[in-house]
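Here's a quick briefing to read alongside the model. Have the sequence and the 3D view open before you start.

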Amino acid sequence: MLVPHSDLVEGPQPMEVAQVEQTSTVENQPVEDPPSMKFTWTIENFTRLNTKKHYSDIFIVGGYKWRVLIFPKGNNVDHLSMYLDVADSTTLTYGWSRYAQFSLAIVNQIHNKYSIRKGPGYLELDTQHQFNARESDWGFTSFMPLSELYDPSRGYLVNDTVVIEAEVVVCKILDYWSYDSKKETGYVGLKNQGATCYMNSLLQTLYHIPYFRKAVYHMPTTENDMPTGSIPLALQSLFYKLQYNDTSVATKELTKSFGWDTYDSFLQHDVQELNRVLCEKLEDKMKGTVVEGTIQQLFEGHHMNYIECINVEYKSTRKESFYDLQLDVKGCRDVYASFDKYVEVERLEGDNKYHAEEHGLQDAKKGVLFIDFPPVLQLQLKRFEYDFMRDTMVKINDRYEFPLQLDLDRENGKYLSPAADRSVRNLYTLHSVLVHSGGVHGGHYYAYIRPTLSDQWFKFEDERVTKEDVKRALDEQYGGEEELLQTNPGFNNTPFKFTKYSNAYMLVYIRESDKDKIICNVDEKDIAEHLRVARDEDLKEQIGKDIYFDLVDHDKVRNFRIQKQTQFSLFKEEVAKEFGIPVQFLRFWIWAKRQNHTYRPNRPLTPQEEAQSVGQLRELSNKTHNAELKLFLEVELGLDLRPIAPPEKTKEDILLFFKLYDPEKQELRYAGRLFVKNSGKPIDILAKLNQMAGFASEEEIELYEEIKFEPCVMCELLDKRVSFRISQIEDGDIICFQKSPPENKENCRNPDVPSYLEYVHNRQIVHFRSLQKAKEDDFYLELSKLHTYDDVVERVARQIGLDDPSKIRLTSHNCYSQQPKPQPIKYRGVDHLSDMLVHYNQASDILYYEVLDIPLPELQGLKNLKVVFHHSTKDEVVIHNIRLPKQSTVGDVINELKTKVELSQPNAELRLVEVFYHKIYKIPEEEKNLGPQDRLIHVYHFTKESGQNQMQVQNFGEPFFLVIHEGETLAEVKMRIQKKLQIPDEEFARWKFAFMSLGRPEYLQDSDVVFIRFQRRDVYGAWEQYLGLEHSDNTPKRSYAVNQGEVGGGLPNVVCYYGGDTLLELLAFLVSPNADTATLF
């Protein structure tokens, strides 16, 4: 077994270890071959070694120092123990880590093929390890039996010499799934509930402001507070777990305290709004306490709004406070430019004069200056704004720089008002960078933080925390464009720039003069322990209602907040007072997480443990990696149902918990608990169980042991005549029992405990919505996660009264956008319902349905085209749905279309062009066969969004072809375009015309010859050259008629096809047979 070695080898028992779990998925592989080395260690006079440990010489691989460690007489086992060790682990800086794969071998010096080697390729054990301060060595406690090693005839010990080999490969990139944030960085992440990454980044930022965390810990909470109903208590609990947990922390308690339900957690709320609401709640809760005013002291600054008349002596001022500042990004190159714009003076003159008291209308100056800045300066960068031209929100991805140090006293205090205290030095250092990656309608949030303001940055991305350098935290979050060189020798080698959609949207700075106060120590005395106490009453309340597996949901039991230094005996008195039970009748059990991921009361606390402080006791329980101390309170009742002293517990006694199942009612409930003897048998307690359940004393009952429920249910029948010891029953185990199932089980859906637990485990409530009304729940069904596609559509058809379930088509839910996914679920395209409900790593409970006019299997064999038909003489545009077999040709499409449209004349000619995102991508061959003096070019409409260092082109409207002739000027081309599109002179005069290549416009003058620009005749792809018409997207749309089905969503001049494997858009143009096909335009 592959393990770290332990120095605790004096005891009589073999070392207890956990086997390393294999991982089958590696997210990334190193780009180049990692450094590796084979090290040989020859140990002479081996049998004379009298040390417990023996180290090899140091060898270097990948720039790191390594050595082999052996225990010649075994590490408390009768085997040779051997490990790979980081040689300089005691001198390395805090937080060090390195990752290696290795094998270790004992060489057989007589027959090399009998050498014993353990490592990759030799055993199934996965000897890859992340070495760090806690696990600086890793290897095999039982490498090979000592009896074989010391037997000279075996060939491993020759001339009292042993030869050991170590092969080490140092890797740079970790397997994502085996990554341990706490080990690698000292910090843990926060779990994402669906779309709560924005909240996680903010919470991590606030947590890593120690003064803020300290104040949160000191906030008072009442005895009756529950974390799910109290924001302060929920935040205390969350911060506490972030400080002490070894694994990522859930935020459900906090979001519930916000009043959010599960649906709200899947919505991305506004970060600034969340920050303000959270601070307001905490500020209110802190009033009248020792931490009153903390929020203001940390985050509150003041500025002065002023209006000053130019020609008369009059000035109006108003002081306002702020917790954060919103800075413009658009048009500003950096933070300083934004502050310059913030204090920019506006002139009030002309029609906009200021009305001054007693002076009437006056020319004036209007502006803002800062009275004081807060110790913690929060800057909200305005990455999102409303575009009035496009009538929508847009994200500003312009490059925007921010410094590591921010001097707001620059240029003789240009940002400060006359009332500002100039003795305060407003020099700030960057603490956090909150990043948004994506677009205006959704994306991902994470944060770069340096908790101690050292040079080491950390990236907090939901559950995962990694070390990062300053370049990643600053330079790469400026936004803007990144340049890629084109390497295709036959193509234009102009560098291609693409927009970086990951950029900073919030910055947190800490004032240099306050950083020692802000980045303070959070001492033990600042932190209260959170103790969860579960009782029989909680088990009765929850089992069969809130939970079915294990015993209790600890988030819903009584929570006690106790100072760490409080003696446990005082805590017992508080519990006795709370529950009205004399303290001598209380016995506490500590919970333990088992290897099968169940959580059970493990053992009662000893008198020695109860003599410790609460903090010391929590440290003892932290072996289970839980920040909170969880206890089970045992209270025994006498015949009069009054508390009595708990019975003495010996090693022979086992505490068991019992659940009762009623197959007729399909109900499970908590029945009670009993002490049994280890040597006893279940048959001995049948009478007590019947009494507990209210059955007749002779009732035949069956007993099942509830073993585990993840990833699958394991509940096994218990042999009533076999002792508890032989059945491996121990303290905290759960026994489920029921009346013996009837022989005829057909009338009972779940006749026994295992089938019922299996049903509950896979039970899934699914909310169904009509695809045409995607925001409204239509109905819900109770289904099984194991249901097949056919099972689900059959239940839906039955619910809506449809005879043919195959006409039902389902679409999954996007948890992030709260919309249906673009593509429906293919017929039998997934195995189970659970697969339909998963979106990336998030599970939903929503499915969309639609009723088709033909069965889905038949539809999937057809190509469903939506064709926009343009008549040559009429303005009306008609949309047609055409279904054809997938192997059909373009000719088949045209023939089908001719049966549906009104032609201008019987022998009129149709042509098809393929359109994708307002651009023409495919044309028939005959369109390319033009004369040498002609060019068929693409013409697209576009708008342009200009930033400081970048420009984005947005296409819209209906694209078209245009034939241009040699020598033709832009002025002549414009006349033809205006005539075709029927644009009024006044509006057309505002249009600009540009030659577009690689998405960049080169504006043309009326005298420019257009033909010269378009020399290539074979460009019809995503990087094509085209003539761009720049103007606002406010032209009146022509009327549309829809035939054979509805076309929902999207712009009316774009028709999208979603019925097959690809997105296809088609435009059909009608022209006369004798006309040049391009003269249409």
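How many residues does the largest nonpolar core have, and which of them have the most contacts inside it? The core has 49 residues, and the ones with the most contacts inside it are Phe212, Leu235, Phe239, Leu282 and Phe299. Keep in mind that this is a predicted model, with an average pLDDT of 79 for the protein.

**The cores**

- H5 supplies the largest share, with eight residues.
- Phenylalanine 299 touches Leu206, Ile209, Phe212, Cys279, Phe322, Tyr323, Pro374, Val376 and Gln378, leaving aside neighbours within four places in sequence.
- Another core, of 40 residues, lies apart from the largest one, and its members include Val335, Phe339, Tyr400 and Ala504.

- S25 covers residues 457-461, and four of its five residues are buried, so the strand is largely enclosed by the rest of the structure.
- S25 runs antiparallel to strand S26 (residues 464-468), and five bridges join the two.
- One of the pairings to look up is lysine 459, whose bridge partner in S26 is threonine 466.
- The hairpin has two residues between the strands, and there aspartate 462 takes a positive phi near 55°.

**Tyrosine 428**

- This tyrosine sits in strand S23 (residues 427-439), and tyrosine 428 is buried, at a relative accessible area of 0%.
- A polar atom of the tyrosine 428 side chain lies 2.6 Å from the backbone oxygen of proline 374.
- Beyond its neighbours within four places in sequence, tyrosine 428 has contacts that include Phe373, Pro374, Pro375, Leu404, Tyr509 and Arg511.
- Aspartate 407 is 21 residues away from tyrosine 428 in sequence, yet their C-alpha atoms are 6.3 Å apart.

- 79% of the residues score a pLDDT of at least 70.

Notes. Residues numbered from 1 in each chain as written. Predicted model: local features only at pLDDT ≥ 70, side-chain atom pairs only at ≥ 80, totals over all residues. Heavy atoms only, no water. Buried < 20%, exposed > 50% of the residue type's maximum accessible area, 1.4 Å probe, protein only. Pairing = 2+ DSSP bridges. pLDDT = per-residue confidence, 0-100. Contact = heavy atoms within 4.5 Å. Polar contact = N/O pair within 3.5 Å; in protein donor to acceptor, adjacent residues only side chain to side chain. Core = buried A, V, L, I, M, F, W, Y, C linked by side-chain atoms within 4.5 Å.
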